[in-house]
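Here are some friendly notes to read alongside the model. Please keep the structure open as you go through them.

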Amino acid sequence: MGFSPSPNRLKPVGTYHGALMKERAALRRFERESSSLEPGASERKRLRKATFASAERFLRSLKHRPAYLDTEGKGRGLLDAPIGDDGLPLADVLALLEREVFEPGGNPASAGHLAYIPGGGIYHSALGDYLASVSNKYAGIFFTGPGPVRMENMLIRWTADLVGYPASAGGNIASGGSIANLAAIATARDAHGLKGADFARTVVYLTSQAHHCIDKALRIAGLGEVQTRYIPIDDSFRMIPSALEQAIAADRANGLRPWMIIAAAGTTDTGAVDPLDAIATIAERERCWFHVDAAYGGFFLLTDHGRQMLRGIERSDSVVLDPHKSLFLPWGSGMLLVRDVRPLAETHRYSGNYMQDALREPGEISPADVSPELTKPFRALRMWLPLIHLGVKPFRAALEEKLLLARYFHREVAKLGFAVGPDPDLSAVTFRWAPEGVALERANAVNEALVDAVRHDGRIFLSSTMLDGRFTLRMVALGFRTHRKTIDLTLKILRRELANVLG
Ligand SMILES: *Cc1c(COP(=O)(O)O)cnc(C)c1O
């Protein structure tokens, strides 16, 4: 053992006094040399002023700052300022940040960021992050962080009510949808008692439109050998329930073990919402774990249209929603909800002698009890602060606006002569240049050149995907700064760049 009995008597040796003085001098020196870690009130004011001025420069420049910018160095200038023993003045540091980090690449804060699945990053959340970091309150365990833990549990309950889950529900605020989906899959694995010997005859059902993080999560959860059934989709890219039924019946007939059904409430490619209610009926009858990946579409539940589209989500066993998408938070927030918190806690159970004080304390469920994390950022504050201060109304209005903007764009881009995908289920629109009689290869090349040209212009950022071998452009209206003006600009740029590409 590393402990020795306390010395009850110090021997007064000749050099003892000298050694003590030396020790005191060293302590004074180290305290002085590390004092910049504890800036006083006036220094804090100076730091804050400079940092907030940088934030203001960024926010005020957003109107004319591109949604995508290709720079020569792509942030390489950061490497010219190595981290050394002595620091740089804050003004230089902020200039470096603004030039090398804020400038190059996509700008997810921009109204014109219509690529992938945007969100925006509301300012109130940034202030929440600031207070979370300044207080550094511990958010992993109720014993030491009762406030942060209650706050997280309150947000989980609020979201569970939105989904329509019963009182038994629980969950966790993770860093994003990928991690939240991983925790859901691990929970479903244990809840159904899957063991290594079962994997090869166990089946998971999803569609080709499932987010790639699902396949990644299955492998990370040790389930790489599980059979994956891609259920056919209809013309609107939604899972066909009767095809799901047939696949399950065929698997049962072959002695396989249907385990989990993963539906999407807003696919990443086209924003399609699978028919959740019909799938729930099948999942209940077949005793499959029913998971809904609503990372993109989840918070559209705040709107009437969203509630209709996502009907049946309340019958799922687990659901993932990304507040950093449809609740406009800055990147770094993904929520997992499980209808019954017990299997979630069972998958993440732990013990540790050093945890005995915390584990003795009864009280709220702690995030560490229901997630792989122990120490975690105080993520609840960035979600709670805007919701409690602004109320839900502005969020609902912003989401209603995105639904309308997508319909508007779908109609207007068709008028420009583009072939459009299905009516948007939520706020994503797919479209492509594909006049009749044009060969697929030629059309693909034109669409690819078009998405590059739009990005090169930079005011708007669109991304593309392949649908049935067709190069397709996507427009996702989800940023809270994206309004009618941005959509009109998008249409204008598309018309002009298409003419350029066609020469
Ligand atoms: C974005 C997204 C994910 C992944 O979430 P991250 O927060 O990026 O990790 C998963 N599923 C869907 C449907 C998504 O849109």
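1. First, the ground rules. This is a predicted model, in which local features need pLDDT of at least 70 and side-chain atom pairs count only at pLDDT 80 or more, while totals for chains, interfaces and linings use all residues. Residues are numbered from 1 along each chain as its sequence is written, and side-chain values use heavy atoms, with hydrogens and water left out.

2. The overall picture. The chain has 17 helices and 13 strands; these are DSSP runs numbered from the N terminus, with helices (H or I) of at least four residues and strands (E) of at least two. Along the principal axes, the C-alpha atoms fill a box of roughly 100 × 60 × 40 Å. Of the 503 residues in the chain, 46% are buried (buried means under 20% relative accessible area, exposed over 50%, and partly exposed in between, with a 1.4 Å probe and protein chains only).

3. The ligand shell. The ligand is surrounded by 15 residues, and the closest are Gly177, Ser178, Asp293, Asp322 and Lys325; a residue is near a molecule if one of its heavy atoms lies within 4 Å of it. Helix H6 (177–191) and helix H11 (323–326) each supply at least two residues of this shell, and the largest share, 3 residues, comes from H6. By type, the shell divides into 4 nonpolar, 8 polar and 3 charged residues (Ala, Val, Leu, Ile, Met, Phe, Trp, Tyr, Cys and Pro count as nonpolar, Asp, Glu, Lys and Arg as charged, and the others, Gly among them, as polar).

4. For Thr268, an N or O atom in the side chain is 3.2 Å from a ligand oxygen.

5. Ser326 in H11. This residue belongs to helix H11. Why does Ser326 count as buried? Ser326 counts as buried because its relative accessible area is 0%. The Ser326 side chain reaches two backbone atoms: the oxygen of Tyr296 at 2.8 Å and the nitrogen of Phe299 at 3.2 Å.

6. A nonpolar surface patch. Phe52, Tyr123, Tyr130, Leu131 and Val134 make a patch of about 460 Å². Helix H4 (residues 123–135) gives the largest share, 4 residues. Leu131 is found in this helix and is partly exposed, because its relative accessibility is 44%.

7. Leu390 sits in helix H14 (residues 380–390) and is partly exposed at 34% relative accessible area. Leu390 and His124 are 266 residues apart in sequence, yet their C-alpha atoms are 9.1 Å apart in space.

Definitions and conventions: A polar contact is a pair of N or O atoms within 3.5 Å; within protein, one must be able to donate a hydrogen and the other to accept it, and residues adjacent in sequence count only if both atoms are side-chain atoms. Patches are made of residues with over 30% relative accessible area and no salt bridge: like charges are joined within 9 Å, nonpolar side chains (Val, Leu, Ile, Met, Phe, Trp, Tyr) within 5 Å. Accessible areas come from the Shrake-Rupley method with a 1.4 Å probe; for residues, only the protein chains shown count as cover. A salt bridge is a side-chain nitrogen of Lys or Arg within 4 Å of a carboxyl oxygen of Asp or Glu.
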